[in-house]
Protein chains: 4
Amino acid sequence: MTNTQLSLVQIDNYGPWTVTPEPRREMDLQTLQSRLFADIAQFVGSRDGYAFFTRFDNMVAVTNGLDDADHELLQESIANRYPVTISLGIGVDASPIEALEAGTAGLQHAGSAQDGERREVLSGDALPESDRTDSDVQIAHFDVNDATGKYTDRLNEFDSFIQIEQGYATLMRYLREEYDSLSFFVGGDNIISVCPDTTEAEYRDAIRHVEAEAGVELKVGVGTGRNAHEAGFAAKHALEVCREDGTDVEFDHVHAEVADD
Amino acid sequence: MTNTQLSLVQIDNYGPWTVTPEPRREMDLQTLQSRLFADIAQFVGSRDGYAFFTRFDNMVAVTNGLDDADHELLQESIANRYPVTISLGIGVDASPIEALEAGTAGLQHAGSAQDGERREVLSGDALPESDRTDSDVQIAHFDVNDATGKYTDRLNEFDSFIQIEQGYATLMRYLREEYDSLSFFVGGDNIISVCPDTTEAEYRDAIRHVEAEAGVELKVGVGTGRNAHEAGFAAKHALEVCREDGTDVEFDHVHAEVADD
Amino acid sequence: MTNTQLSLVQIDNYGPWTVTPEPRREMDLQTLQSRLFADIAQFVGSRDGYAFFTRFDNMVAVTNGLDDADHELLQESIANRYPVTISLGIGVDASPIEALEAGTAGLQHAGSAQDGERREVLSGDALPESDRTDSDVQIAHFDVNDATGKYTDRLNEFDSFIQIEQGYATLMRYLREEYDSLSFFVGGDNIISVCPDTTEAEYRDAIRHVEAEAGVELKVGVGTGRNAHEAGFAAKHALEVCREDGTDVEFDHVHAEVADD
Amino acid sequence: MTNTQLSLVQIDNYGPWTVTPEPRREMDLQTLQSRLFADIAQFVGSRDGYAFFTRFDNMVAVTNGLDDADHELLQESIANRYPVTISLGIGVDASPIEALEAGTAGLQHAGSAQDGERREVLSGDALPESDRTDSDVQIAHFDVNDATGKYTDRLNEFDSFIQIEQGYATLMRYLREEYDSLSFFVGGDNIISVCPDTTEAEYRDAIRHVEAEAGVELKVGVGTGRNAHEAGFAAKHALEVCREDGTDVEFDHVHAEVADD
């Protein structure tokens with residue numbers, strides 16, 4: 001059974017900062033946000049977690065394998081190098097949405113995201129090493145069938161983007177409401193979902209729903225592992241099988257190469 | 001009348017590269033993509049343009065004020081520092097969607113986005129300096145009314161994100177279909193639209209549509225200028241007026257401070 | 001005749017910041033410093049200038065072609081994205097050391113580098129566009145003869161580094177004292193010098209001095225141009241001629257390809 | 001007794017790459033080098049090691065606490081995000097210079113630094129966890145007495161830099177020849193040395209030598225720990241004691257705050 005550890009990363013009092021003393025140059029904000037995300041992706045990713053940019057001022061990370069000290073170190077390192085600080089809320093649950101609910105609640109109890117006094121909060125506790133198992137994380141990696149041929153090489157870029165975006169908006173809502181999963185657009189035509197134990201029939205249901213509602217055809221590779229990287233790497237290999245075999249849902253377990261590391 | 005110069009930035013043959021010889025670590029891809037975007041945002045932004053991450057493998061930039069040599073330099077600099085190269089398609093039109101259509105078509109004629117032989121294409125021509133005017137670019141900067149109070153401080157982060165995302169998905173489609181505008185989510189509860197000459201009534205219509213369809217209440221500041229930064233900076237100041245006065249649509253022209261630079 | 005525009009970049013009150021409230025993690029400081037330098041190198045370099053990391057808290061840039069507004073924009077953009085701010089002192093002179101003397105004096109008059117109240121000073125004036133010529137900048141690009149064969153592939157890395165470092169320490173002092181040039185180690189076995197009009201005999205004298213005093217054999221390509229990139233690119237091509245022909249001093253003027261841009 | 005684990009980081013075939021097919025823009029190379037160093041500093045530093053830029057194409061890292069898998073991950077991550085790859089040579093010894101000698105030899109045996117076929121070599125073995133002790137690493141953190149008052153606020157920046165540089169060149173050679181230590185300039189007026197067990201009298205001897213030979217007055221804080229961060233953090237605190245008490249050599253052990261983490 002899954003046991004997902006999610007960490008909410010929230011920039012402290014960011015909205016007010018962006019307009020104090022007057023609005024800051026937008027491209028500086030974009031640079032700051034995307035580099036902050038990149039640094040978090042490296043920190044979390046090199047410890048076999050996954051981070052998603054979400055709204056950039058709030059990011060969500062799958063942090064199975066990162067302990068409390070890792071979270072503290074991330075906060076300290078960001079504060080040393082950026083003009084902003086971050087608060088972190090950790091939650092653990094079989095259901096990803098419940099884990100995030102817990103992580104978010106920890107920060108909300110400490111104060112508002114726009115409370116100038118609330119800085120560098122660290123709430124919640126990481127999953128103890130002894131409780132971790134090889135099936136704690138399930139990752140589903142979706143992409144759009146022939147997005148290059150159908151969209152990128154035929155439509156103008158914005159109309160291609162609309163198709164991908166409508167597909168994503170439909171999938172993210174459906175998977176959250178029906179199956180307690182969190183889905184993130186990760187660029188190109190790719191969506192990565194953090195899921196509880198979810199069956200092939202359920203993934204197929206979600207794909208059908210997106211095609212019916214948004215007209216976008218998806219396929220998905222699914223992997224399970226001890227952490228996000230293991231699960232996600234298995235999912236990527238499963239997705240490669242979809243591409244080769246023309247199937248729409250494939251499962252894989254920890255991919256051999258990862259397991260050998 | 002607006003005369004928007006848009007540049008499509010397309011990573012050459014990116015999809016295949018991400019899985020060759022086998023899938024690459026997702027967090028490395030996320031880091032690569034967001035840093036590449038950050039570099040483009042700095043290059044374009046420090047020349048008073050705007051860049052949007054869009055799908056990351058395809059990005060859209062408002063480049064009024066950047067000439068052909070600037071575009072070449074950007075390509076050269078990226079090729080010197082990244083494991084990937086970029087192609088650029090420039091288009092100019094009173095209508096942003098038409099400008100992007102032209103920019104996209106230039107690259108499409110040169111080959112597929114996944115053609116391994118098509119690298120570092122530069123198509124289209126920048127607007128001659130002599131044709132530029134102080135009203136070439138119109139930028140609308142939207143945000144969500146009291147997003148922190150209604151969402152961030154009350155819902156879990158994913159449910160907050162769903163609200164913002166559904167609002168964005170609705171706005172981006174409506175503004176494109178009805179008013180030829182291109183809308184980009186830029187983090188937090190902010191959406192920036194690149195628009196042709198658009199009236200107050202039309203912006204109000206869009207806001208009403210999003211509230212009716214997605215239940216998300218927006219307000220918007222609108223600015224016009226010689227380039228994206230001037231227009232966008234005026235839009236940000238107009239949005240501050242919305243915040244102070246509780247209004248939903250405000251227009252501003254080039255803000256004094258920018259004009260004085 | 002050369003007319004070099006030099007800008008001193010000084011992080012405001014950096015020393016005290018690094019130990020407040022207590023010493024910060026050294027690797028965060030190293031990351032901050034090297035990324036700040038990288039951003040300045042991109043900003044200046046994409047405008048055809050050169051930046052050198054020098055002591056990191058003080059950097060030196062050759063900024064012919066960058067005007068006062070460019071300097072202001074650099075300050076604003078750094079302040080928006082880093083936890084520190086920078087002051088800039090501009091100086092222009094036929095002699096690089098005199099130009100830097102003027103640029104430094106401008107900041108020194110405004111206050112101490114460790115004065116907490118002195119922030120974001122911009123002193124001095126950029127060379128007016130109308131005064132610029134195609135021979136304003138002379139760049140000499142030195143490298144060590146067969147550094148890989150003699151050092152890198154034979155000695156341990158620190159002993160290789162000692163050789164390069166002693167060669168650099170000798171050259172930087174000699175060229176400054178005898179010829180008013182500023183020399184910067186730029187990695188590998190490369191040293192770049194910003195020089196006034198300097199003759200082949202004088203470069204040969206410097207090379208002889210370094211060989212006699214430090215036992216390190218150098219060769220040098222020299223270029224002249226309207227800005228640092230043009231001069232430096234010509235110098236790089238001249239250095240390639242040294243490599244091919246086994247010569248020790250070669251001059252080039254603006255390289256054809258650059259001139260055609 | 002110290003037992004230092006050093007890793008040589010060597011960019012594969014970098015020199016030829018920088019001039020193929022013709023010389024690349026110098027500021028792009030500077031950006032690439034300094035960002036690559038920053039990424040390595042973050043990777044190593046967030047695992048409590050230290051990395052030094054040295055010659056940028058060859059970097060030296062103190063990696064006690066990083067195992068073989070960490071080194072492999074660093075190589076993979078760099079290859080995924082940069083246009084160059086890195087080879088790593090690990091060495092362990094009571095003497096830092098011997099450790100680096102071993103690490104360098106591992107790469108040299110695999111081929112030349114400019115052998116286009118030799119890529120991503122990983123040689124040597126990390127210190128087994130069971131062999132690690134709390135006194136494996138000794139770090140000495142030097143700075144220049146009143147550098148701001150004597151140099152930065154009085155001389156032009158290049159003449160200040162010459163003073164620091166001559167002090168560094170003298171110290172790095174003396175400590176290597178007399179005491180088997182590796183010294184690295186880390187910006188400002190700071191030098192960090194990786195040392196075997198070295199006595200107060202020996203540090204004082206080195207300080208005297210630098211003052212006699214280069215006229216530069218140094219002081220030093222020395223720390224010992226299980227890894228570079230612990231030792232270096234203790235050294236920083238010891239240096240603060242020098243500043244407060246006006247002493248020239250101070251020792252500290254693992255600083256309380258670090259030990260409590």
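How many residue pairs are in polar contact between chain B and chain A? The count is 48, with both residues at pLDDT 80 or more. A polar contact is a pair of N or O atoms within 3.5 Å; within protein, one must be able to donate a hydrogen and the other to accept it, and residues adjacent in sequence count only if both atoms are side-chain atoms.

1. Basis. This is a predicted model, in which local features need pLDDT of at least 70 and side-chain atom pairs count only at pLDDT 80 or more, while totals for chains, interfaces and linings use all residues. Residues are numbered from 1 along each chain as its sequence is written, chains are lettered from A and ligands numbered from 1 in the order in which they are written, and side-chain values use heavy atoms, without hydrogens and water.

2. Chains B and A. Here 80 residues of chain B are in contact with 80 residues of chain A; contact means heavy atoms within 4.5 Å. The two chains bury about 6600 Å² between them, and carbon and sulfur atoms give 56% of that area. Buried area is the accessible area (1.4 Å probe) that two parts lose on being put together, summed over both. On the chain B side, Met27(B), Arg55(B) and Phe158(B) lose the most area to chain A, together 13% of what that side buries.

3. Charges and composition of that interface. The rule finds 10 salt bridges between chain B and chain A, a salt bridge being a side-chain nitrogen of Lys or Arg within 4 Å of a carboxyl oxygen of Asp or Glu. Arg55(A) and Glu157(B) meet in a salt bridge through their side chains, at 2.9 Å from N to O. Helix α2 (residues 26-45) of chain B supplies 15 residues, the largest share of the side that touches chain A. Helices (H or I, at least four residues) and strands (E, at least two) are DSSP runs, numbered from the N terminus.

4. Chains C and B. This contact takes eight residues from each of chain C and chain B, and the buried area is about 730 Å², with 38% of it on carbon and sulfur atoms. In chain C, Gln42(C), Ser46(C) and Arg47(C) lose the most area to chain B, together 47% of what that side buries. There are zero salt bridges between chain C and chain B, but six residue pairs are in polar contact, both at pLDDT 80 or more.

5. An aromatic pair in chain C. The ring centres of Phe37(C) and Phe53(C) are 5.7 Å apart and the planes stand at 85 degrees, so the pair is edge-to-face. Rings of Phe, Tyr and Trp (its six-membered ring) pair if their centres lie within 6.5 Å; planes under 30 degrees apart count as stacked, over 60 as edge-to-face and the rest as tilted. Phe37(C) is buried at 1% relative accessibility, and Phe53(C) is buried at 7%. Buried means under 20% relative accessible area, exposed over 50%, partly exposed in between (1.4 Å probe, protein chains only).

6. Backbone points to check by eye. Most residues other than glycine have a negative phi, and most peptide bonds are trans. A cis peptide bond joins Thr20(A) and Pro21(A), with omega about -5 degrees. Asp180(A) has a positive phi of about 60 degrees although it is not a glycine. Asp180(A) lies in the loop between α6 (157-179) and β7 (182-185) of chain A and is partly exposed, with a relative accessible area of 29%.
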